[in-house]
Amino acid sequence: MTESTQDGRRPLRVGVIGVGMMGADHAERVANRIANAELVAVADPDLERATALAAGFDGVRIFADPLELVADPGVDAVVIASPGFVHEEQVLACLEHGKFALCEKPLTMDAESSLRLVEAERRGGRQLVQVGFMRRFDPEYAALKAMLDSGDLGRLLLVHNVHRNKTVPDSFRSEMIVRDSLVHEVDVCRWLFGEEIVEITVHSPAPTSNAAEGVIDPQVAVFRMAGGGMATTEVFVTCTIGYEVRCEASAELGNATVGLGSGVFVRSANRWGGEVPDDFRVRFAAAYDVEVQSWVDASRRGEVVGPTTWDGYAATVVCEAGMESLKSGAPMKVGLS
Ligand code: ISE
């Protein structure tokens, strides 16, 4: 955000790879709202898009090749917001150049390549990568986690998630609902329970007429946790009303819910209610701010504090099994290496 930092040290010089919806949001965040960081470069194969974005800020360099951005000595750390199928080479480049990376989910498209990243990072002997599971940084989700960890509600037994998008691009296929959307709840459940998912079933209810031809939407996923707990998730990405993400945790001594959207409550024109945000950039704006600030602070200290490549790998394994279950309707066992 600024060239003067709270501790007198140089700000973290951040490059952003991919300036589509999420990357543009992160670039603006780093440039305007994150302390001790500076947006210095963006990379995107669509140079027009990159140029238009960079024009909004001072002194931001533009790269067509993301690997050149990573290698550039003027870039200290990298936000990877490109599509998942190019994450592997971009994360590997960050590891090779010893640069901290915040990589948007999914870590990669399949378990094998995610595991290659876990191993490459281990071989380098230094943790450098945080995966963008931003729900962990959402103030409500963080409070829920703290409450469960305090033991006040007793042992966690069940989690019920709702994940609804107003709409998605037509290119969004059934498998992407698992890999790009459900993946968040995969991480939430591993994190809240503090356990691995050992079995996943993805059910296919009758699809909405708003779904693109052949797309199974909504889907209902059921996870079995290693300790015997269970979780359900409704993922519905063309629900038309707006963006809604909720999580209810049911424990031995009570339950707790986040995401009820109880912002400003209005009574007007014979109606009562509040607003449903349009998309995740609005719903999770605070979570993204906290996530990126925490990543910047940790990178400047030389640490990684958020979800790791292992978390990214574990989520990819579960989603891969979920995509199989979606095809067959049968439960799939999940095994981590
Ligand atoms: C998108 O890629 C995200 O990560 C959003 O958080 C999620 O809600 C949405 O379903 C995905 O398409």
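**Figure 1. Tyr313 and its ring partner Trp310 in helix α10 of the predicted model**. Tyr313 counts as buried, because its relative accessibility is 3% and the limit for that class is under 20%. Trp310, by contrast, is classed as partly exposed at 24% relative accessibility.

**Figure 2. The aromatic pair formed by Tyr243 and Phe280**. Among the five aromatic pairs counted in the model, this one has ring centres 5.8 Å apart and planes at 65°, so its geometry is edge-to-face. The pair links distant parts of the chain, since Tyr243 belongs to the loop between β10 (230–236) and β11 (244–251), whereas Phe280 lies in helix α8 (residues 280–283), 37 residues apart. Tyr243 is buried, with a relative accessible area of 4%, while Phe280, at 22% relative accessibility, counts as partly exposed.

**Figure 3. The aromatic cluster that includes Tyr243 and Phe280, with Arg283 over one of its rings**. Ring pairs join Tyr141, Tyr243, Phe280 and Phe284 into a cluster. Within this view, Arg283 is placed over the face of Phe284, at 4.2 Å from the ring centre.

Terms used:
Residues are numbered from 1 along each chain as its sequence is written. This is a predicted model: local features need pLDDT of at least 70, side-chain atom pairs count only at pLDDT 80 or more; totals for chains, interfaces and linings use all residues. Side-chain values use heavy atoms; hydrogens and water are left out. Rings of Phe, Tyr and Trp (its six-membered ring) pair if their centres lie within 6.5 Å; planes under 30 degrees apart count as stacked, over 60 as edge-to-face and the rest as tilted. Helices (H or I, at least four residues) and strands (E, at least two) are DSSP runs, numbered from the N terminus. Buried means under 20% relative accessible area, exposed over 50%, partly exposed in between (1.4 Å probe, protein chains only). A charge sits over a ring if NZ of Lys or CZ of Arg is within 6 Å of the ring centre and within 35 degrees of the ring normal.
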